[in-house]
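Subject: Structure handover

Hello,

Here is the structure for your files. My notes follow below it.

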Amino acid sequence: MSSLDSSTRNLGRFPARIHVLLARDTPDAVVIRRGPARQVAIVGWDRSTDQFRVGQWLRGRIYERRCDLSPDGKHLIYFAMGTPRAPQTKATWTAISRAPYLKARAFWSKGDAWAGGGMFLSSETYWLNRSCTETLEWDDTGLTQQAEYPWHEGYGGECPGVYYIRLQRDGWALKHSAPGRGGTVSTFDKPLKGHWTLRKMAFATTQTKPGTGCYFDEHQLVNTRTGAVENYEEWEWADHDGDRLMWAEAGCLYAGRLSDGGPAEVRMLYDFTPLTFENLTAPY
């Protein structure tokens, strides 16, 4: 896949940044679409039909690696930074909403960017990535919070502290972490159908790529039959859905099947770059 088209390059703009959360028990998903830097949209994705609909926008920042979607696809937990909503709700917060919306059904004010967010342990139970600065403002979700740390290894309080646990929960095997690009690169593998393995290199570094922050991913396809490795540095997110491979690149979401030679029958599912901010209201 090519990266930026000529019109995007000529305008000097980056395409939308894409991160996807997949529900484990249903075909639901949410796409966290960022761009410009302080505008984020949550987009619902029905993977059974490949239909997309915008839920809500935020003027601010959502830390996508500290977010999660419940296994039944009904709830989204997210960590965000934006304008304080009221004196008691500070400029950063963790919230639980009904996917694909942002209107909080549970809300923890925070005020700093340390820790925050969380993950679902089941459709009814969640864990918060807490520090000492959260204050619960309200909660009408009916869900249960589990205080016990949900993993046997710790990865710090920022994005890897949720993201690396979520990846392993969802079938990615952490192979190793090592110095790389002025920081750390952690390698995760997920077996695919046939003789392919999808490899994710999760970077935590100050040597960022254009349009990314200090946390970003690159991907490879490893042919376990021949040992050949195909590099896909522009895939900022990738996973599989049954027999198909899915990835995000240059503001678009793609899917294809894996043939002996790699991705085949590739089609673009959606181009997120043209979306612009809208004041949308959640239906609850």
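How many of the 10 residues of helix α2 (residues 160-169) are buried? The count is 9, so-called buried residues being those under 20% relative accessible area, with exposed meaning over 50% and partly exposed in between (1.4 Å probe, protein chains only). They are P160, G161, V162, Y163, Y164, I165, R166, L167 and Q168. Just after α2, G171 has a positive phi of about 100°. Helices (H or I, at least four residues) and strands (E, at least two) are DSSP runs, numbered from the N terminus.

Before the rest, two notes on the source. This is a predicted model, in which local features need pLDDT of at least 70 and side-chain atom pairs count only at pLDDT 80 or more, while totals for chains, interfaces and linings use all residues. Residues are numbered from 1 along each chain as its sequence is written, and side-chain values use heavy atoms, with hydrogens and water left out.

Pocket

The largest pocket holds about 570 Å³ of space. A pocket here is an open set of points on a 1 Å grid over the protein atoms alone, where a 1.4 Å probe fits, with protein on both sides within 12 Å along at least five of seven lines; lining residues have an atom within 4 Å of a point. Its volume is the space filled by probe spheres set on the points, which are joined across faces, edges and corners. Of the 31 lining residues, R17, P210, T212, F216 and E236 are the closest to the centre of the largest pocket. Strands β1 (17-22), β2 (28-34) and β16 (215-223) each contribute at least two residues to this lining. The lining comprises 13 nonpolar, 5 polar and 13 charged residues. In that tally, Ala, Val, Leu, Ile, Met, Phe, Trp, Tyr, Cys and Pro are nonpolar, Asp, Glu, Lys and Arg are charged, and the others, Gly among them, are polar.

Salt bridges

There are 19 salt bridges in the structure, each being a side-chain nitrogen of Lys or Arg within 4 Å of a carboxyl oxygen of Asp or Glu. One of them joins D241 and R47 (3.3 Å, N to O). D241 is in strand β18 (residues 237-241) and R47 in the loop between β3 (39-46) and β4 (51-62), so the pair ties together parts 194 residues apart in sequence. D241 is partly exposed, at 21% relative accessible area, whereas R47 is buried at 12%.

Another salt bridge joins R105 and D140 (3.5 Å, N to O). R105 belongs to strand β8 (residues 104-109) and D140 to the loop between β11 (135-139) and β12 (144-145), 35 residues apart. R105 is buried, with a relative accessible area of 13%, and D140 is exposed, with 51%.

D243 and K193 also form a salt bridge, their closest N and O atoms 3.7 Å apart. Both D243 and K193 are exposed. Salt bridges with shared partners link R47, D50, D241, R244 and R267 into one network.

Sheet

Four strands make an open sheet in the order β18-β19-β20-β21, with antiparallel pairing; two strands pair if DSSP finds at least two bridges between them. β18 and β21 (262-271) are at the edges with a single partner strand each, so one side of each has no neighbour in the sheet. β18 and β19 pair over 5 bridges, and H240 has L245 in β19 as its bridge partner.

Regards
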